[in-house]
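Cover the ligand surroundings, a sheet, a helix and a loop residue.

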Amino acid sequence: MVYPALLPLLNKPVAQVDADLLAACIRVGPVLVLAEHSDVIADLAPTAEYYIDVGHDASQAAQYIAQGASKVVVDSDTHLPEGVSRQSVILRTTVDQAQGRPTHHKFGGLILTGSDNIDAATIEHLRDNLLESPGLIFSESGASTSPEMPKVVALSKLSKESLAFAFTSTLTSDRPDKLFATVVCAANGTSALPLGLVYSSVESVTESIITGRGVYQSRKHGLWRKGETSGSTQKVVRIRKDCDNDAVLFEVEQSGTGFCHLETEGCFSDVTSTAEKKGVAALEETLKSRLASAPEGSYTARLFNDGKLLQQKIMEEAEELVEAKDDDARHVAFEAADLLYFTMVRCIKAGVSWADVERSLDEKAAKGKKGERRQGDAKQKWVEKLADKQNGTSEEKLPGQAKESTTDAPVPKTFPTEPTAEEADAPIRMRTSSLDSCTADEKAALLKRPVMDSSAMIERVKPIVNKVRDEGDAAVRSFTQQFDRLQVQLESNIMRAPFYTPESVPEDVLPKKVRDAIDSAYANLKAFHVGQAETKPLVVETMPGVVCTRFARPIDRVGIYVPGGTAILPSTALHLGVPAQVAGCTTIVLATPPRQDGSISPEVLYVAQLVGVSCILKAGGAQAVAAMAYGTEECPKVDKIFGPGNQWVTAAKMLVQNDTHALVGIDMPAGPSEVMVIADKTANAIFVASDLLSQAEHGIDSQVVLVAIDLDDSLLEEIEVEVDRQARALPRVDIIKQAIKKSLIVKTKTLDEAMVFSNEYAPEHLILHLEDAPGAVKFVNNAGSVFVGAFSPESCGDYASGTNHTLPTYGYARQFSGVNTLSFQKHITSQELTQDGLRVLGPIVVTLAEREGLEAHANAVRVRLAELKQ
Ligand SMILES: NC(=O)c1ccc[n+]([C@@H]2O[C@H](COP(=O)([O-])OP(=O)(O)OC[C@H]3O[C@@H](n4cnc5c(N)ncnc54)[C@H](O)[C@@H]3O)[C@@H](O)[C@H]2O)c1
Ligand SMILES: N[C@H](CO)Cc1c[nH]c[nH+]1
Ligand SMILES: [Zn+2]
């Protein structure tokens, strides 16, 4: 075992301490600080190792350990400190007392007092029986003459020279030149590798201890004071001996061009050059150079300059790491890397190196080993925050809630940055998985959507819905004010037709080109939805004289929700308004969040006019859904609510649907947009990428999936490069980055496999980029809408081809259809029996009613049959 040669004792008030001497002591090992002078601790370097001598009063011991003392010295007649492990206690005792102690209580060290002359066998005995390993036995001055035992020596009795002598006198060398191999490491460096290997002599080590500067022994040129000629000096943080005292380790803070004579950081720089560095070391190097001088447009530079953005990103990434699912290891790594990047930026900005972070980690680990770390429970604030989040009661605003008063879809300002690692130009990439190497659990994870727990969301919207139900228009108005950040007071929540006249909406606000496009889309949608309408009743004579009929009737009053949070979607007004109009609904309420000036976009007004909307409810979110479900003084109650929306809208629809007082139906729980593209090797990479991005731009919760059938690496790479290239050119790139982060590439071997996966996923939109796309349609069982072949982009369906774009998401395409004309109607059946019909069917009904014990049912037939017999 290697002992420090002595343990310097700081037993003087700080003012009387020779600061240089104390620094030298700390360079070579721990110092012992009397508790009454513990104020010195605050001035010690963070790297300093020290013990605190608490003597008879162990009450503060745990606190000293928590503050960073590595051990406490306690007198043997004192109660052992609570909350401190034995490993961290050094017992001050006489040899006799020590020998009388129970041997199952071991300590981290002993200080033997008294004047006993202690022999080697006694030391061995005490070490075996009373010390944890590794544990030290010190002698208080005079207690031992054993050269092996380090002595406690008052600092006032020490000089730097005597300290250096104590340290070097135990060094040995079996080399003819009596030098010691010396490993030099950077205390603040970027590489885990040493800076170099050199030699030391007793003289050079002595000088280093005394001066605190790196001094070594050159085998050719004698004493080598590092930096004397080059200027690249070293500050020595720590000097230690190896396990058998014949080699030395220097931890230094290197200045200037580096340690190596070739002016590189270290002598192993070929292996540690930035180009070769990976992971944290490479990141630290890059960030340091960005701090020094960043290229134009550097995202890191933006972070250095915008403290708020950096704070937001750290919190955002921490949350995303928390939310990453345990069963998705790659996602966890992905989020951890993001958090690490922003953490590093935070450190470098504050002048903290990764080595400082590691040092702090080590200190914590040392405490952890000794059982002195805090319990680790989270602060109450975070306990509550997480509980709120899980219960869905947090007050957080959803991203992108703010909306400008403009017809251009505004890019939300609340999630302005890139998804992944270090720079804004980090590739915008989806995660890739191979279906044939996936476990069942991994495959199940691929099928999941990045969505929030709906029951939590329902709890969250309840207070909004209930307030609107109870307080009506006033509540609607105040929620609109709050959530849509209106800059004006709304006089009324409702607008009535006419919504559009050439006078009310001038040409420069809604150009003819846009109106013509809306007109064309309207015509196509109308044609397709008229085609779906049932014009004739269904009539079937099931038995002679028994005629059954089914006929459709419009749902009288309908509400159509047109989202308006991150983008204003007049197309949705069209896609919901047309079938409502074709179905013949008499009251159509269109709800949409107003712009900040309280107005409704001219495109939506134009569509509302075209499809015959009765009134526009200027409200969005849960409050709009509640107003339509229950009705308010201004807003008519409706019988069914249609339309997509964010999680607030979807949850509110689910809630009101289950309230029998509302007596309202909903179309489906339509949520964040999604698309699956199935591509084979005939696919055009540019087309595929553009289709994926067209849905990724909808919202940060959107998910896009590419199923790649046996694509060679080069085509797959081409698609990925295209996604990245095209995304960067798009105005909503920040949203896309978030969505792409949650998106997937799934590799399959065959079309069969791809179709099975697609049917299990049940995408809202399915685009087939296949050699025989029409031939694959017969394999589609679950999907909202299918886009067949390279020239059928989903955008056509989203806007103007004629099919409806309000489609089931989340996998609900397994059981729901997209919105269609029949969604706005209900079916009524009827039957008409002739006398002959009843003669045949009547006895059958009587028999079945009797079997069910429902005599009144049987009677209703019997009385008629009796009449017919007369
Ligand atoms: N499946 C489809 O057919 C389809 C079609 C178009 C759009 N979409 C989806 O619809 C969604 C539209 O979402 P959006 O946000 O842009 O518009 P939105 O109109 O659905 O939601 C905006 C409203 O949400 C409410 N809200 C927002 N934050 C809130 C908070 N913190 N507390 C209470 N209420 C809050 C506000 O009332 C606001 O008016 C997107 O996810 C998009 O992908 C789906
Ligand atoms: N793709 C959306 C449905 O998921 C609809 C839409 C509206 N505007 C553009 N796209
Ligand atoms: Zn779309």
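The points below are grouped by topic.

This is a predicted model: local features need pLDDT of at least 70, side-chain atom pairs count only at pLDDT 80 or more, and totals for chains, interfaces and linings use all residues. Residues are numbered from 1 along each chain as its sequence is written, while chains are lettered from A and ligands numbered from 1 in the order in which they are written.

**Ligand 1**
- There are 32 residues around ligand 1 (C-beta atom, placed from the backbone, within 6 Å).
- Gly565, Gly620, Gly621, Pro644 and Gly645 come nearest.
- The shell has 12 nonpolar, 16 polar and 4 charged residues. Gly counts as polar and Pro as nonpolar.

**The sheet**
- Six strands form an open sheet with mixed pairing, in the order E16-E21-E20-E19-E22-E23.
- Strands are DSSP runs of E with at least two residues; helices are runs of H or I with at least four; both are numbered from the N terminus.
- Strands E16 (494-496) and E23 (665-666) stand at the edges, each with a single partner, so one side of each has no neighbour in the sheet.
- Two strands pair if DSSP finds at least two bridges between them.
- E19 (residues 557-561) pairs with E20 (residues 587-592) in the parallel sense over 5 bridges. Arg557 stands opposite Thr587 in E20.

**Helix H5**
- In H5 (residues 160-168), Leu163, Ala164, Ala166, Phe167 and Thr168 are buried (20 or more other C-beta atoms within 10 Å, placed from the backbone).
- These buried residues pack against strand E1 (6-10), helix H1 (19-28) and helix H6 (202-211) (contact: C-beta atoms, placed from the backbone, within 7 Å).

**Gln16**
- Gln16 lies in the loop between E1 and H1.
- Gln16 is exposed (12 or fewer such atoms), because 11 other C-beta atoms lie within 10 Å.
- The C-alpha atoms of Gln16 and Ser156 are separated by 9.0 Å, though 140 residues apart along the chain.

Key
Contact = placed C-beta atoms within 7 Å.
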